[in-house]
Amino acid sequence: MSSHAIRVHNLYRYFGALKAVNGVSFEIPHGSVCGFVGANGAGKTTTMRILASLDYPTLGVAEVCGYNVVSHPEEVRRLIGWMPDHFGNYEHMTVVEYLDFYARALGYKGKERRLRVQEIMEFTDLVPLAERFSNKLSKGNTQRLGLGRALLQDPQVLIMDEPAAGLDPKARVELKSLIRVLAQEGKTIFISSHILSELGEMCDSLLFINGGRIVHHGDAESMKQSTDAAGGFLYDVQVLNSSDALSAWCLLHPKVEFMESRKKGGRIRIDSPHLDDAAEILQRMVKDGLKITEFHREERNLEDAFIDMLGKIERGELAGQKPPPMPDTSAFNPPVS
Amino acid sequence: MIMSDSPSSPTAVSPAEPSLLDRLNDFPDRLPTMLVKELRQGLRARTFVAVFLGLQLFLGLIMLIATSASGLNGAGEIVSRIIFLFFSLAVLFVQPLRGINALHAEIKSTTLDMMLLTKLNATRIVAGKWSAIIGQTMLLFVSIIPYLILRYFFGGMNLFAELIALCSIFFISCCMTAINVGISGNASIMLRGLLPLALAIGSLLAMVVVMEDFDEFLDFFALDRKSYIIVFFSMAGAALYLSWFIFSLGVSTIAPMSENHSTRNRLLGLAVIVISVIIMMMNQAEWFLIPIIAGLLAIPSTLIALTERQEMLPRVTLPFTKRGALGRLFGRFFYPCWSAGILYTCLLLAIIYTLLLYGWFLPKTSFFYLGNEEFAIINSLIGCMLFPAVCLLLLEKHIVNRIGVFIVLLVSCFALASAISAVAYDTDNQPALWIFCWLPPIQLFMIDARNIDEKNVMMAGIALNVILIVFLLIRAFMKWPTIRKAEEDALLMERQ
């Protein structure tokens with residue numbers, strides 16, 4: 001068995017002049033949940049489709065549980081569950097028939113097939129909707145049906161492309177709960193989403209992709225704890241004075257920036273990563289007559305971190321993974337190794 | 001509910017009573033998965049229900065009227081005609097048109113990806129779509145049998161001829177459905193809409209003609225003459241051949257790159273041509289017919305071969321590379337890419353030109369002699385296939401739907417040639433057609449033109465075709481490094 005559930009090495013996918021995936025490399029260990037983050041058109045779906053053996057790399061290697069997606073697509077297909085961002089459902093076909101169709105297509109027969117469909121329907125809570133037409137379901141129920149379909153063959157690796165897109169908060173919570181259960185079962189889950197805060201809660205690691213290149217791979221906590229683009233931290237300061245007093249004080253201190261006014265005080269940014277500097281500034285505030293009731297560092301959310309990261313890339317401060325030089329692709333023959 | 005206290009994944013769920021799923025036994029496991037899916041959907045579709053009930057209602061009514069007027073002479077024949085008319089309307093018009101969107105709907109709703117991740121492959125998917133419609137057509141066919149039995153009692157029935165005719169209509173419906181399902185995967189709405197519609201309208205018009213000469217129609221299906229039998233089986237074979245290729249086109253359209261459907265089809269095309277030529281030669285068919293029929297038989301396989309994509313996965317070349325140098329040489333003609341398609345086309349052209357030149361060099365007194373006119377016509381028709389292929393390669397980078405563009409180019413060439421010739425003939429300036437002789441269909445109009453020697457047209461046509469073939473071959477050879485790389489990767493894969 002391969003040491004990694006997913007291994008991608010120097011993966012390229014060009015569509016004519018468009019470099020959808022441009023030298024991406026990463027590894028995801030067995031049993032972990034990895035979030036895949038990036039703006040629209042960053043290359044998430046293309047990478048995921050290649051991993052699902054639905055597309056072919058222009059160059060590079062993509063493996064699932066040690067199987068190359070190009071040379072051994074049948075083996076890869078037996079190991080994965082694929083849930084695309086959007087999928088159509090069939091007319092004149094009920095939910096239970098939909099799952100039965102895929103169960104038949106996966107080779108389940110007789111009683112085993114019927115029991116498998118029932119298990120999946122119970123797990124995804126689709127039993128009450130069994131006789132409803134699959135194309136008449138709400139978005140949330142459609143996603144549950146899609147997840148159910150992806151789980152039919154009990155995959156080792158679940159690849160989910162934007163499963164929470166378009167879901168209302170309740171459906172999102174339900175989906176998150178399902179994913180958590182699957183993660184507890186030890187399945188490897190590779191999931192892309194725009195809702196970064198949710199990914200942060202669910203994922204063991206996060207992969208940030210931009211312009212077809214991986215720009216960060218790490219856990220959510222390290223991203224939240226890291227400094228912003230300019231190397232500073234945000235602080236929530238509550239005062240008994242008016243927030244104008246705090247704002248005026250900040251204007252006199254070059255290392256401190258008043259970011260926004262709040263009900264009792266405001267949000268400031270200290271241009272230093274060191275806690276000593278923060279403590280010194282707090283001392284000065286007290287000394288200058290500000291009646292501080294609360295002073296604490298704000299944990300950045302992942303959206304902020306991601307936007308900072310994009311800003312750094314735009315300014316050329318963060319290059320991400322340097323892709324190796326791309327060989328001539330005029331002779332497109334996806335490689336085997 | 002999923003938010004319950006201890007949710008667990010489906011691997012851990014203990015199975016509950018299967019009462020809810022009892023009805024999933026409606027179709028046995030041995031039936032193909034796609035057929036089950038399509039039947040479940042199709043039998044609920046309003047079109048089928050409406051056609052089925054409509055047919056029963058009309059036929060029931062007609063039988064009632066005919067029974068009450070059974071004393072009238074010829075009531076039996078009238079009933080036969082009505083049965084044929086309504087049955088034809090249902091199975092030649094409505095049923096095949098139900099396949100018009102079969103594959104496109106799957107492509108559009110992105111459900112194909114999910115199906116291809118299962119054990120279903122492209123052939124099973126397309127065959128399932130086709131067989132479900134045919135299954136319903138079969139239901140219609142079976143449902144008219146009671147009316148045929150009733151009609152028997154009216155007398156004057158040629159049972160054998162009427163049964164053969166009904167079976168033939170059912171067979172044509174199967175072929176038309178295969179064509180419509182096959183073409184339904186094409187991205188061009190013009191192509192997947194117009195062809196089925198033209199077929200449906202054509203079959204309706206044919207039925208109107210048949211109704212006028214119903215006796216002759218039934219005489220033919222009595223198959224009591226050798227010539228009738230030959231025509232019957234030739235037409236059936238041609239329909240089967242054409243529908244197979246368009247069906248395969250649908251399979252290739254949705255198949256992942258790792259599946260190779262081209263080699264089998266090209267071999268089939270080659271075998272059918274060779275066998276047909278041998279049969280025609282053995283039966284001493286008129287010589288000019290042999291290259292024409294060979295050319296017509298070559299159209300489906302070459303059309304697909306010339307319009308395939310060039311990209312090829314190493315694993316597709318593996319069955320060839322495993323057989324050494326001979327396998328690789330074979331692959332140069334049969335790999336699923338347009339550069340191999342060009343070599344395959346040249347192989348077929350070599351057969352056709354050998355037949356043409358053999359007939360042309362024979363003495364005029366010979367039975368097999370082929371004149372300049374026949375040579376020029378066939379040569380021009382060959383050029384009509386080569387010209388769009390060259391245009392396609394010139395526009396290569398801007399084209400996605402290659403077969404759609406090829407057909408548009410082909411039709412446009414004929415339309416342009418017709419327009420130019422009409423002007424030339426109207427102005428009595430036929431020699432001006434020489435200016436446009438680079439457009440192959442123009443040569444067809446030049447053959448009958450005043451002041452133009454057909455031998456010159458023939459020579460110009462040959463020169464043009466040689467240029468087109470050389471261009472195509474150069475472009476094909478330019479792609480050989482790509483093929484070689486795929487072969488090397490395949491060998492590497494084999495070693496691993």
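A residue is called buried when it has under 20% relative accessible area, exposed when it has over 50%, and partly exposed in between, using a 1.4 Å probe and protein chains only. With that in mind, buried residues make up 57% of the 337 residues in chain A.

This is a predicted model, in which local features need pLDDT of at least 70 and side-chain atom pairs count only at pLDDT 80 or more, while totals for chains, interfaces and linings use all residues. Side-chain values use heavy atoms, without hydrogens and water, residues are numbered from 1 along each chain, and chains are lettered from A in the order in which they are written.

Let me turn to chain B, where helix H10 (residues 214-221) and helix H11 (residues 226-254) pack at an angle of about 90 degrees, with their axes 9 Å apart; helices here are DSSP runs of H or I with at least four residues, and axes are lines fitted to C-alpha atoms over the stretch in contact, with angles running from 0 to 180 degrees between N-to-C directions. H10(B) and H11(B) are therefore roughly perpendicular, a term covering 65 to 115 degrees. In this contact (heavy atoms within 4.5 Å), H10(B) contributes Asp219(B), Phe220(B) and Phe221(B), and H11(B) contributes Tyr228(B), Val231(B) and Phe232(B).

Which residues do ring pairs link into a cluster? They include Phe220(B), Phe221(B), Tyr228(B) and Phe232(B), together with Phe84(B), where rings of Phe, Tyr and Trp (its six-membered ring) pair if their centres lie within 6.5 Å. Over all chains, the structure holds 32 such aromatic pairs.

Conventions. Helices (H or I, at least four residues) and strands (E, at least two) are DSSP runs, numbered from the N terminus. Angles under 35 degrees count as roughly parallel, over 145 as roughly antiparallel, 65 to 115 as roughly perpendicular and the rest as oblique. Rings of Phe, Tyr and Trp (its six-membered ring) pair if their centres lie within 6.5 Å; planes under 30 degrees apart count as stacked, over 60 as edge-to-face and the rest as tilted.
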